[in-house]
Amino acid sequence: MASPSPPRILLSGDVNGRLSALFKRFLSVNKSAGPFDALLCVGQFFPDSTELLEEFMEYIEERRDIPIPTYFIGDFGVAAPKVLSASVKDPANLGFKMDGFRVCNNLFWLKGSGNFTLFGLSVAYLSGRQSPSGQQFGTYSQDDVDALRALADEPGVVDLFLTNEWPSGVTNRTSAGDIPPGLSDSLGSDSTIAELVAEIKPRYHIAGSKTVFYAREPYTNIDAVHVTRFFGLAPVGNKEKQKFMHAISPTPASTMTVAEISTKPPNTTLSPYTIVDDTPRKETTKRPGDSTLDEQYWRYDVKKQKQGNGNAEKLCFKYLSCGSCPRGDDCRFRHDEDAREQYMRGVCFDFLNKGKCERGPECQFKHDLVAEGESIANRRSRSHMASTNRSKECWFCLSSPNVESHLIISVGGNLYCALAKGPLVDDHVLLIPVEHSPSTLSLPPDCQRDLNRYQSSLRKYCKTQRKELIFFELISKRGTHANLQAVPIPQTKASSAKSIFNLAAKKLGFDFETIKGLQVEMYVLVSWSVKF
């Protein structure tokens, strides 16, 4: 039996609202070399001026057809907030949508960061650009970056990685004659993306935001057998006639043999992200633990003698966030207990890893360390001060000026019930303790009894609506105020809910753990739990 043909994917650079030109080119290419399965767009997708807005909205409002499933990450430009806000509110887009928010027929917005499967291909993406403004659309957050760092520690190979901007230093170690004339590494390049692509090690990396087309020579990856190919795509309809659409037909890595995925073309180079430049230097004897990457990044390292593996140049995000790493001693990133202690106290990962955080005052994490010589009394004093100020900063404290009081439905002696600010479905509510508690699993007995009564009342109400409830809770070791989410689902779907959760977990590469001996059966995943 013949194996299925690999998917045929089209890639496009900055659309800038020029959808007519984009799809005209697609129809031409599809006629001569198609059919193609999907179109992936990087760089700015929305118009860069109001002159193109009318043409653009004809497609968004479905007055003109989009001829191929089209995915984009450049969520900025004229009308982007209006169009994307409407997409977020669409009932069809409620829930966890890593595979794209539907904007209109055949058009999907890849929001934030994520990883999903498209025709068998593992596709990772980082939407938006780096910016300290923290605006809702057009920028990525530290959480988006951290989610991709966690992905890098998971098993499996990412086939495609989509970013809006080029990674800094991508032209290192390549032939000077292949670099487009006048190409600047400073404009439209991002050092964070360079770090991410070195960690994720995709087979293909596609980016936009520059005015040229560039197909870099394949390069090897550290601790991986496959090579990475980088494509920088020009804007749609550019005056310089630079290539803005490119076709690929990669076989999914999950179906390839070791020999197939290990193949290296003759022009393969070393990774461009392990050096600062190619300036010749005198040979010196390297000390154990030295690395060329140390020239690029400052590393948090309280005790130099704890470096251990000489290849462990950067901190392991998985170890810092979870306390363990599935790669164990084989992980090439550093497992630093002191750094983890600082991270669990709320210190910014980028600050620990690089000595600086480019988000600046917009970052919600701390940018200083607890001194090694600081006394326990001083630490307790600072902890008491933090506890005193906590209710002023906490979103869930009734005394906080930040509490969304208009969402509160009912206030009891130990808990209160509030509508969800961003509901997954109608009647999605939260059960929140009045006092700070890291999770509902650690509530005192009287508070637990009130919680049980609230849950019982909500179940009775939902039965009148022919619905059942799923309770879930986000639990973090850094969390201070528990909030148990209650999401109603149709009774006709309730019997299959558990199997759906398990199936989704299996597709994402993890399993739930069952905790016995509680009033309810509980399934736990790393830092959050789901109750049935």
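Predicted model: local features only at pLDDT ≥ 70, side-chain atom pairs only at ≥ 80, totals over all residues.
**View B. The open sheet with six strands.** Here's the sheet that those strands belong to: read across, the order is β4-β5-β3-β2-β1-β15, with mixed pairing. The edges are β4 (101–104) and β15 (245–248), each of which pairs on one side only. On average, neighbouring strands are turned by 25° against each other, direction ignored.

**View C. Strands β2 and β3, with helix α1.** Zoom in on β2 (residues 38–41) and β3 (residues 70–72), and you'll find them paired in the parallel sense over three bridges. Look for Leu40, which stands opposite Tyr71 in β3. Helix α1 (residues 19–33) lies across both of these strands, as well as β1 (9–12) and β15, and runs at about 40° to β15.

**View D. Helix α4, tucked in.** Helix α4 (residues 142–152) has 11 residues and eight of them are buried, so the rest of the structure largely encloses this helix.

**View E. Strand β20 and its two partners.** Six of the seven residues of β20 (residues 484–490) are buried, so this strand too is largely enclosed by the rest of the structure. Strand β19 (residues 467–474) pairs with β20 in the antiparallel sense over seven bridges, and Phe472 stands opposite Gln485. Strand β18 (residues 429–433) also runs antiparallel to β20, joined by three bridges; there, Val429 stands opposite Ala486.

How values were computed:
Residues numbered from 1 in each chain as written. Heavy atoms only, no water. Pairing = 2+ DSSP bridges. Helix = DSSP H or I, 4+ residues; strand = E, 2+ residues; numbered from the N terminus. Axes fitted to C-alpha atoms, helices over the stretch in contact; angles between N-to-C directions. Contact = heavy atoms within 4.5 Å. Buried < 20%, exposed > 50% of the residue type's maximum accessible area, 1.4 Å probe, protein only.
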